[in-house]
Amino acid sequence: MRIPVGVLALLAVLTGPASASDAIRVALQESVRLTEVRGTDIEISALPAGAPGELDRCGDCARWRADVVRAVWAGSAIEIAGQRAAAVRLRSERPMRLGGREYGPVVDLMTNGEGIAVVNELPLEEYLAGVVRAELGEAWPLEALRAQAIVARTYAAYRRIISAGRPYHITASTAHQQYAGRVPPSSPIWGAVRETAGQVLRWEGELFPAFYHTESGGYTEDPRTVFAARNMPALKPVVCQFSAGSPHFYWTLDLRLAQLSELLRRHGTDVGTVRAIEVTERTPSLRATLVSVRGTHGVVRLRGNDFRRIVGYDTLKSTLFAVAVDRELARFTGRGYGHGVGLCQWGAKGMAEQGYPARKILEFYYPGATLGLLDGR
């Protein structure tokens, strides 16, 4: 099926610089009480309270070396090998390992709420290789990888602007973007990142949160109906016929009412034992915007996204579902995986397999956006 290119306006535009810095700070862990980083001859530098970037001005701060850094949260400080500091910077010429993945060249440890935040600081383009590897893997078609690289760069650059001044810009999780750490030089993902170096999408000339998701279920969604944040772009939803073969296009879920009742209670919505569930309002693409849950203690109406969050994003794969109560079970039948906004990864794969280049893939999923360069060249 032909794409209606006449309604698309993905034009190359050059606008002003979005960021003067090339680095991005990625939270690998948040609020952990204990963490361990391994490597070879890691330089450990105690940092003063405040921004990690002040290391160069801390001539008196303690520095030592180790192959294993075991950090324990100690209230307002981090303790490593009997020494305490508000924050610690780790550097090594070799990769540092955490949770089975490799990171470099800088990892910061800092107090964060009731624990430690582990933050990887690295060049944006190196970070993108780790994102594409985590989000899609290396076996997907090159044009899908390239489209993913541009979208991930746009989202990361946007996060870097709105999180400026904070300890980190973005998290390595599905809340923002997954991140696999260092990618081997031989990986084909590097080709996708380098061939799109610096390319970003813009909405009305500005960077915007270029959301993406795993599987649309056949229809993408207007971000203004999904996210409560202000200034969401008026991105038009599209009918997506390219992902019909994905493993997430259709799904079913049987959830015990007792389990659902407990999940609601844990999230502060105690309706007693759930007796009935009804979708009372839907978006034009038929995603649930309001869900009414009736229990032995009363009735509650929840936003569709909140209902999904309570059940679990990976359990209730999307809000594009129908539900019926059958004795002790809530039986869901649904389509898609994720919020449905922006690029559908499985749809991008399908388009790439049909010969569409990355530019056309982005035109399709972000109608009205423009393609430009991050540094404005």
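In which strand is the place of D41? In this predicted model, D41 has its place in strand β3. The phi angle of D41 is near 55°, a positive value in a residue other than glycine. Most residues other than glycine have a negative phi, and most peptide bonds are trans. D41 counts as partly exposed, at 41% relative accessibility. R38 is also placed in strand β3, which covers residues 34-47. R38 is partly exposed because its relative accessible area of 41% falls between the limits of 20% and 50%. The C-alpha atom of R38 is separated by 49 Å from that of I277, and the two residues are 239 apart along the chain.

Other backbone features were found in loops. L286 has a phi near 75°, again a positive value in a residue other than glycine. This residue, L286, is found in the loop between β16 (274-282) and β17 (288-295). The peptide bond from G104 to P105 is cis, and its omega is near -5°. P105 belongs to the loop between β9 and β10, the latter made of residues 106-112.

Helix α2 is formed by residues 142-162, 21 residues in number. From its first C-alpha to its last, α2 reaches 30 Å, close to the 30 Å expected at 1.5 Å a residue. The helix is mostly covered, with 15 of the 21 residues of α2 buried. Y366 is found in the loop between α8 (358-365) and β22 (370-373). With a relative accessibility of 1%, Y366 counts as buried, because the limit for buried residues is under 20%.

Strand pairing was examined next. Strand β15 (residues 250-256) pairs with strand β20 (residues 329-335) in the antiparallel sense, over 7 bridges. Within this pairing, W251 has G334 in β20 as its bridge partner. Strand β20 also pairs with β19 in the antiparallel sense, over 6 bridges. Here A330 in β20 is the bridge partner of V325. β19 and β20 form a hairpin with 2 residues between them, and R327 in the turn has a positive phi of about 55°.

A pair of aromatic rings is described by the distance of the centres and the angle of the planes. The count comes to 14 aromatic pairs. One of these is the pair of Y103 and Y179, which is tilted, with 5.8 Å from centre to centre and 55° between the planes. The pair links distant parts of the chain, 76 residues apart: Y103 is in strand β9 (residues 101-103), and Y179 is in the loop between β12 (170-171) and α3 (189-195). Y103 is buried, with a relative accessible area of 6%, and Y179 is buried, with a relative accessible area of 2%. F307 and F321 form another tilted aromatic pair, at 6.2 Å centre to centre and 40° between the planes. This pair too links distant parts of the chain, with F307 in helix α6 (residues 304-311) and F321 in strand β19 (residues 321-326), 14 residues apart. Both F307 and F321 are buried. Ring pairs also link F242, Y356, F364 and Y365 into a cluster. In a contact between a charge and a ring, K349 lies over the face of W140, at 5.8 Å from the ring centre.

Rolling a probe the size of a water molecule over the atoms shows where empty space is left. The largest pocket holds about 900 Å³ of space. Its lining is made up of 30 residues, of which T174, A175, Y212, F227 and H339 are the closest to the centre of the pocket. Two or more residues of this lining are given by each of the elements α2, β14 (212-213) and α6. Helix α6 gives the most to the lining of the largest pocket, with 4 residues. A search of the whole structure finds 1 cavity of 30 Å³ or more. The volume of the largest cavity is about 30 Å³. Among the residues that line the largest cavity are F208, P209, A210 and F211, together with P223, P233 and L235. The lining of the largest cavity also includes V341, G342 and Y366.

Key:
Residues are numbered from 1 along each chain as its sequence is written. This is a predicted model: local features need pLDDT of at least 70, side-chain atom pairs count only at pLDDT 80 or more; totals for chains, interfaces and linings use all residues. Side-chain values use heavy atoms; hydrogens and water are left out. The expected span of a helix is 1.5 Å times one less than its number of residues. Buried means under 20% relative accessible area, exposed over 50%, partly exposed in between (1.4 Å probe, protein chains only). Rings of Phe, Tyr and Trp (its six-membered ring) pair if their centres lie within 6.5 Å; planes under 30 degrees apart count as stacked, over 60 as edge-to-face and the rest as tilted. A charge sits over a ring if NZ of Lys or CZ of Arg is within 6 Å of the ring centre and within 35 degrees of the ring normal. Two strands pair if DSSP finds at least two bridges between them. On a 1 Å grid over the protein atoms alone, a cavity is a set of points where a 1.4 Å probe fits but cannot get out, and a pocket is an open set with protein on both sides within 12 Å along at least five of seven lines; lining residues have an atom within 4 Å of a point. Grid points are joined across faces, edges and corners, and a volume is the space filled by probe spheres set on the points.
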